[in-house]
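Please keep the structure open beside it as you read.

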Amino acid sequence: MKITAAKVFVNSPGRNFVTVMIETNEGIVGFGDATLNGRELAVSSYLKEYLIPCLINRDPFDTEDIWHYFYRGVYWRRGAVNMTAIGAIDMALWDIKGKALGVPVYKLLGGKSRQKLLAYTHAQGKNIADTIEKVGEKLAIGYKAVRVQSGIPGLEKIYGIGNEKRTYEPAIQGERPQEESWNTEKYLNFVPSLFGQIRQNYGDGVHLLHDCHHRLTPIEAARLGKELEPFKLFWLEDTVTAELQKDFELIRKHTTTPLAVGEVFNTIYDCQYLITQQLIDYIRMTVAHGGGITPMMKVASLAALYHIKTGCHGPSDLSPINLAACLHFGMAINNFGIQEYMGYTEATMKAFTFEHMFSDGYFELSDKPGLGVGLNIDEAEKHPYKKAYLPINRLEDGTLYHW
Ligand code: KDG
Ligand code: MG
């Protein structure tokens, strides 16, 4: 089998997505998600100009060699744009392999390690009362695990809280990023009472998660982890920016709250220290941004040695193709932890075809060959790309801060 062509689609059905479709001489096509929120055209151009020409005439079964050709073969390694492009190609190749052999991808990765995959969703509210209600809505539709974010008294616009009823969408259309503001003291003084009240309302039978979105210093993270211990979180995510990974040693010394990190990581080297020093409990790397299924299997194997589970990033700013890849990966590995799932807009659901089934808090996979997902090209093309940026974050005095 030979690769004959590959196309890149950049569309906005509900939001911007970048999709790669690889074609073969046997008529089998494979799909990959190349979406990098707010930097879509950089990935698309990298794919079209540099990677796709090198794919032509390659055997799509050679996933290991093709991955190394694009990773090792290119002098400029790592980085989100580079690894997202490689990730989309790798996903599409596994899709082709599954279709050619007539089996779902998870059967090629190790088979079924479980019957269904636990998912967590997002609940966010303007204030504690509103957030309690939103958590209740998610539990009522069957979720067993909910990420809880709330508006904070005294802070007008913050991460994770939308103004409208629809799914939270951080990327805002426009020619420049919008700005949000932040105050760590107000946040730290508020969050423990939020979780106290959520537990009071819903008891211990639900998994609760929370995302700090990289905004704390190590000692602040240690304090928060400690103060949240009575509320037994499933995980506390992205407490600190993870460039300086020794930070996690301090956090770890002070708290037993489980820690999750890695949605912005894109190679195994980004998490090697955190994993081998057992400084985290969940690795949040996702297939699209982590360079594909091929390297993610290695990340999972390394993590398994250290009792660390996966928790793939899966917000609505990655397409159903990435979700499918994460689910096949999660199905096949022993140390699957949980899968993030926010749901999609109606326009997104119409533009992609998919087979993974969600019910009662879990995903099940069909036995459709490949990843069981595709792009409905005519439908997607009705929605042209619209430039959108993730916000910028500033402290109340105007200092630029982590978003
Ligand atoms: O594009 C950025 C989002 O994917 C990110 O802000 C979502 O932190 C996030 C999460 O945990 O889903
Ligand atoms: Mg996050």
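1. A word on terms before we start. Axes are lines fitted to C-alpha atoms, for helices over the stretch in contact, and angles run from 0 to 180 degrees between N-to-C directions. Helices (H or I, at least four residues) and strands (E, at least two) are DSSP runs, numbered from the N terminus.

2. This is a predicted model, in which local features need pLDDT of at least 70 and side-chain atom pairs count only at pLDDT 80 or more, while totals for chains, interfaces and linings use all residues. Residues are numbered from 1 along each chain as its sequence is written, chains are lettered from A and ligands numbered from 1 in the order in which they are written, and side-chain values use heavy atoms, leaving out hydrogens and water.

3. Start with H1 and helix H2 (residues 63-71), whose axes come within 11 Å and cross at roughly 145°. On the H1 side the contact (heavy atoms within 4.5 Å) is made by Leu51, Cys54 and Leu55, and on the H2 side by Ile66, Tyr69 and Phe70. These contact residues of H1 and H2 divide into 6 nonpolar, no polar and no charged. Here Ala, Val, Leu, Ile, Met, Phe, Trp, Tyr, Cys and Pro count as nonpolar, Asp, Glu, Lys and Arg as charged, and the others, Gly among them, as polar.

4. Next, how do H1 (residues 40-55) and helix H3 (residues 80-101) cross, and at what angle? Their axes come within 9 Å and cross at roughly 55°. H1 and H3 are therefore oblique to each other; angles under 35 degrees count as roughly parallel, over 145 as roughly antiparallel, 65 to 115 as roughly perpendicular and the rest as oblique. From H1, Ala42, Val43, Tyr46, Leu47, Leu51 and Leu55 meet Val81, Asn82, Thr84, Ala85, Ile86 and Ile89 of H3. That contact of H1 with H3 holds 10 nonpolar, 2 polar and no charged residues.

5. Further along, helix H6 (residues 184-202) packs with helix H7 (residues 218-228) at about 15°, their axes 9 Å apart. H6 and H7 are therefore roughly parallel to each other. The contact of H6 with H7 divides into 7 nonpolar, 2 polar and 3 charged residues.

6. Finally, look at ligand 1. Of the 15 residues around ligand 1 (a heavy atom within 4 Å), Asn37, His213, Glu263, Asp317 and Glu340 come nearest. For histidine 213, a side-chain N or O atom is 2.8 Å from an oxygen atom of ligand 1.

Terms used:
A polar contact is a pair of N or O atoms within 3.5 Å; within protein, one must be able to donate a hydrogen and the other to accept it, and residues adjacent in sequence count only if both atoms are side-chain atoms.
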